[in-house]
Amino acid sequence: MLNEEDRRILRYLQEDPTLSQSELAERARLSPSMVARRLTRMEERGIITGTVAVIDWQALGYAVEVSLRFTLDKTLPRAFDEFLTAARAVPEVLEIQTFLGRVDVRLSVIARDMAHYQEVYRSRILTLPHIAEIEALMHVARIKWQESLPV
Amino acid sequence: MIALDDTDHAILRALVADAGQGAGALGRKLGLSQPATWRRIRRLEEARVLRGRRLMLDAAAVGFGVTVFLGVKLATKGRVSLEDFERAVSAIPEVQTVEHVLGLYDYRLRIVARDLPDFERILRRRIMTLPGAGDVEANVLLSEERLAGPI
């Protein structure tokens with residue numbers, strides 16, 4: 001588990017993952033050697049798994065974002081696996097989540113505009129296997145986007 | 001809009017997988033010099049294509065065993081200001097993302113909790129008491145994959 005130093009380090013590092021160890025030490029009011037030691041420990045234990053870049057798809061001309069929620073035909077034992085394998089092959093799919101609840105799977109799909117979305121939806125989404133039901137939520141605005149954990 | 005060539009695409013693909021690598025290491029993989037790679041990354045940042053970096057943490061390992069996607073419908077449209085709801089919901093630390101959507105629900109929230117009883121506490125005390133909150137639908141996250149997208 002985490003101690004108070006770990007939590008402090010993670011709070012600052014989640015806010016800005018590009019901080020150097022010395023900047024991090026200064027902000028968290030810890031010694032640089034302490035920061036280095038705690039970071040190594042958290043990496044070794046698989047608590048910190050890495051840093052990834054976040055792309056702004058709107059800046060690349062993808063104006064449409066839709067959250068598609070599926071229920072699958074679960075009478076077929078391989079329905080989930082086959083659906084997920086096929087969904088991974090669709091380039092416009094950014095996220096795949098599976099759930100316990102009324103919805104089985106959710107895909108986050110982007111498109112350049114509505115005409116492009118319609119094309120993706122018809123030729124690549126509706127053709128995915130074992131779909132029982134689809135619901136669409138059209139993304140309007142991002143109010144909060146802070147995927148940091150309140151450690 | 002910024003025009004990207006194959007090298008820019010390769011840089012984005014590499015950074016989406018691992019943003020911890022420096023311009024030098026990344027350049028060597030792509031056959032570019034360190035300064036050339038750095039200049040390209042800088043240009044992608046300035047064009048806001050690279051929106052930022054995210055630290056990847058194992059949520060369960062830091063004590064957040066449960067992630068829930070919550071669809072929220074506003075009960076009294078028109079009477080409650082959307083801004084009031086958005087401000088109040090964004091202030092809840094366990095709420096990671098708030099998206100305004102069109103469809104079955106008005107808002108889509110991503111919430112982290114320590115366990116299911118903790119989620120129930122957040123739902124009852126923080127979410128259901130928000131100004132204007134009506135119907136909610138909770139789906140508990142089982143698995144999640146993020147894909148590189150069309151780059």
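Predicted model: local features only at pLDDT ≥ 70, side-chain atom pairs only at ≥ 80, totals over all residues.
**View 1. Domains of chain A.** The domain assignment divides chain A into domain 1, residues 4–44, and domain 2, residues 57–138. Between the C-alpha centres of domain 1 of chain A and domain 2 of chain A the distance is 38 Å.

**View 2. Helix 1 and helix 2 of chain A.** Helix 1 of chain A spans residues 4–15 and helix 2 of chain A spans residues 21–28; the two pack with axes 10 Å apart, at an angle of about 120°. Helix 1 of chain A and helix 2 of chain A are therefore oblique to each other, and their crossing is right-handed. From helix 1 of chain A, the residues in this contact are Arg8(A), Ile9(A), Tyr12(A) and Leu13(A), which meet Leu24(A), Arg27(A) and Ala28(A) of helix 2 of chain A. By class, the contact of helix 1 of chain A with helix 2 of chain A holds 5 nonpolar and 2 charged residues, and no polar ones.

**View 3. Helix 1 and helix 3 of chain A.** Helix 3 of chain A covers residues 32–44, and its axis comes within 10 Å of that of helix 1 of chain A, with a crossing angle of roughly 90°. The pair is therefore roughly perpendicular. Glu5(A), Asp6(A) and Ile9(A) of helix 1 of chain A meet Met34(A), Val35(A), Arg38(A), Leu39(A) and Met42(A) of helix 3 of chain A. The residues of this contact comprise 5 nonpolar and 3 charged, with no polar ones. Ile9(A) takes part in the contact with helix 2 of chain A and in the contact with helix 3 of chain A.

View 4. A barrel of 8 strands closes in the order 2(A)-4(A)-3(A)-5(B)-2(B)-4(B)-3(B)-5(A), with antiparallel pairing. From one strand to the next, the twist averages 35°. Helix 4 of chain A, residues 79–88, packs on the sheet and touches strand 2 (64–72), strand 3 (93–100) and strand 4 (105–111) of chain A. The direction of helix 4 of chain A makes about 165° with that of strand 3 of chain A. In chain B, helix 5 (residues 116–127) lies across strand 2, strand 4 and strand 5 (133–146), and runs at about 135° to strand 4 of chain B.

**View 5. Strand pairs within each chain.** In chain B, strand 2 (residues 66–74) and strand 4 (residues 107–113) form an antiparallel pair over 7 bridges. Opposite Leu70(B) stands Leu109(B) of strand 4 of chain B. In chain A, strand 2 pairs with strand 5 (residues 131–145) in the antiparallel sense, over 7 bridges. Here Leu72(A) has Ile131(A) as its bridge partner in strand 5 of chain A.

**View 6. Strand pairs between the chains.** Strand 1 of chain A, residues 48–55, pairs with strand 1 of chain B in the antiparallel sense over 7 bridges. Met56(B) is the bridge partner of Gly50(A). Strand 5 of chain A and strand 3 of chain B are also antiparallel, paired over 6 bridges. Lys144(A) is bridged to Val98(B) in strand 3 of chain B.

**View 7. The contact of chain A with chain B.** Chain B contributes 55 residues to the contact and chain A contributes 54 residues. Elements that each supply at least two residues to the chain B side include helix 1 (6–17), strand 1 (50–57), helix 4 (82–90) and strand 3 (95–102) of chain B. Strand 5 of chain B gives the most to this side, with 10 residues. The side of chain B that touches chain A has 31 nonpolar, 10 polar and 14 charged residues.

Definitions and conventions:
Residues numbered from 1 in each chain as written. Chains lettered and ligands numbered in written order. Axes fitted to C-alpha atoms, helices over the stretch in contact; angles between N-to-C directions. Helix = DSSP H or I, 4+ residues; strand = E, 2+ residues; numbered from the N terminus. Parallel < 35°, antiparallel > 145°, perpendicular 65-115°, else oblique. Left-handed = near helix turned anticlockwise from the far one by under 90°. Contact = placed C-beta atoms within 7 Å. Nonpolar A, V, L, I, M, F, W, Y, C, P; charged D, E, K, R; others polar. Pairing = 2+ DSSP bridges. Domains from an automatic or database assignment.
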